[in-house]
Amino acid sequence: MKIAVVGTGYVGLVSGTCFAETGNQVTCIDIDAEKVAKLASGEITIYEPGLEKLFLRNLKEGRLKFTTNLVEGVQDAKVVFLALPTPPGEDGSADLKYVLGVSRELGKILTEYKVIVDKSTVPVGTAEKVRKAIAENYNYEFDVVSNPEFLREGVAVDDFMKPDRVVIGTTSDRARKVMSDLYAPYVRQGNPVIYMDEKSAELTKYAANSFLATKISFMNEVAQLCERLGADVDMVRRGIGSDDRIGRRFLFPGIGYGGSCFPKDVQALIKSAEEVEYSFQILKAVEEVNEAQKLHLIPKIKRYFNDDLKGKHFALWGLAFKPNTDDIREAPALYLIEALTAAGATVSAYDPEAMPNVKRVVGNKITFAESQYLALDNADALIIATEWSEFRTPDFEVINTKLKNKVIFDGRNVFDIQQIKELGYHYESIGRPF
């Protein structure tokens, strides 16, 4: 099938590449000429495990193409995916200017039936707005479908190629048949394709992400209680996670969630509720808890150093909002950097993938090390903000020779408490007694 994907950000590039992998002819369109030139020449523009191999293979075999020309990109496509940014506006609502702007342009260039698919995370009612925007300049037949993505950064290729479900919002039998044919190779093992109306599909994405964010904030609240009562949040997590009604995933406490999805989607769902005069109290609390949790380590650090961080130097392991990505959007590490430097401390940071992105944001406010161990040189303490696998079993003999003090503040509960205790460290983590 011939497919066009408008937008080559994270969702667009993963989707386009994975659609090409099953034999579809995919043209990705973006207004950023520099980015398109890089992609067309074989230079991938995001970090995502497993993506580059598929990207290069499909580019080489001619199934994956890139252009800045919208007319050229969509003219032969049967399906046009809109994978465009929907950044939060000042009031928290999703900004649809890119989605609706492209929709109006599509209305000017369509000449035959096509299925237009909202792949971006969009508020309820967007499909109807897209339909109206196209119809401003096009009076013939077309369909607008909502097909939200459920890609997890770090495992997005597996999520796309082997989805646990595919949600398709459409009331058109013709569009349903097209989408069914398109997704057939991805659900051969019987994973469900769930059909529903467009509004329900749009809300499904927001509800899913908001629920997962709620689980994270709930466990962070439990961790706060554990610290005050002397309980162990790891034990509590195992105890409740074994209940099938709750499940084991998204029960790990830490220093808050970040990224491009959870913060934006929680905020947008709160705003959507307000627009119909409903106050989504649970999600307001989820936001409040998460904002506070990002700085949960700071009082612990200040308390250890007698409330005086001026002149102190910290090693920071991890900058990305989660492991296996270079995404730093709303990353807790950025909040820690701001708080530490504002208190007069200096920071040397290391992250396997995210350092170039952080450099563009903070400039020379901190220094960047070439390895996790070089970041430790002359540091008064180590702070862990991202649970990269390589941080889990470090060489403590090397750490001992580099840190000024045997002090670790662990925002992701990476280390085993008993092991750290035997090594003689002062160690503070999240919700666990030491």
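## Exercises on salt bridges, burial and contacts

Arg104 counts as partly exposed, with a relative accessibility of 35%, where buried means under 20% relative accessible area, exposed over 50% and partly exposed in between (1.4 Å probe, protein chains only). The model is predicted, with local features needing pLDDT of at least 70 and side-chain atom pairs pLDDT 80 or more, while totals for chains, interfaces and linings use all residues. Residues are numbered from 1 along each chain as its sequence is written, and side-chain values use heavy atoms, with hydrogens and water left out.

**Exercise 1.** Find the residue with which Glu136 forms a salt bridge, and state how far apart the closest N and O atoms are.

*Solution.* Helices (H or I, at least four residues) and strands (E, at least two) are DSSP runs numbered from the N terminus. Turning to the surface, Glu136 is exposed at a relative accessible area of 51%, while Arg104, as stated above, is partly exposed.

**Exercise 2.** Determine how many salt bridges the structure holds, and work out whether Asp159 is buried or exposed.

*Solution.* The count for the structure is 26 salt bridges. In one of them the side chains of Asp159 and Arg152 meet, at 2.7 Å from N to O. Asp159 has a relative accessibility of 14% and therefore counts as buried, whereas Arg152, at 35%, is partly exposed. A further pair is formed by Lys264 and Asp265, whose closest N and O atoms are 3.4 Å apart, and here both Lys264 and Asp265 are buried. Salt bridges also link Glu128, Arg131 and Glu198 into a network.

**Exercise 3.** Locate Lys271 in the secondary structure, and list the residues with which Lys271 is in contact beyond its neighbours within four places in sequence.

*Solution.* Lys271 sits in helix α11, which spans residues 262–275, and its relative accessibility of 17% makes Lys271 a buried residue. Once the neighbours within four places are set aside, Lys271 is in contact (heavy atoms within 4.5 Å) with Asp91, Gly92 and Ser93.

**Exercise 4.** Describe where Phe280 is found, which residues Phe280 touches when those up to four places away in sequence are not counted, and what separates its C-alpha atom from that of Pro299.

*Solution.* Phe280 belongs to the loop between α11 and α12 (281–293), and with a relative accessible area of 27% Phe280 is partly exposed. Leaving out residues up to four places away, Phe280 touches Leu269 and Ala273. Although Pro299 is 19 residues from Phe280 along the chain, the C-alpha atoms of the two are separated by 30 Å.

**Exercise 5.** Identify which residues of α13 meet which residues of α14, and then give the share of the 434 residues that count as buried.

*Solution.* On the side of α13 the residues are Leu297, Ile298 and Ile301, and these meet Leu336, Ala339 and Leu340 in α14. For the chain as a whole, which has 17 helices and 14 strands, 53% of the 434 residues count as buried. Among contacts with a separation of 6 or more, 73% join residues 24 or more positions apart. The C-alpha atoms fill a box of roughly 70 × 45 × 40 Å along the principal axes.

Conventions. A salt bridge is a side-chain nitrogen of Lys or Arg within 4 Å of a carboxyl oxygen of Asp or Glu.
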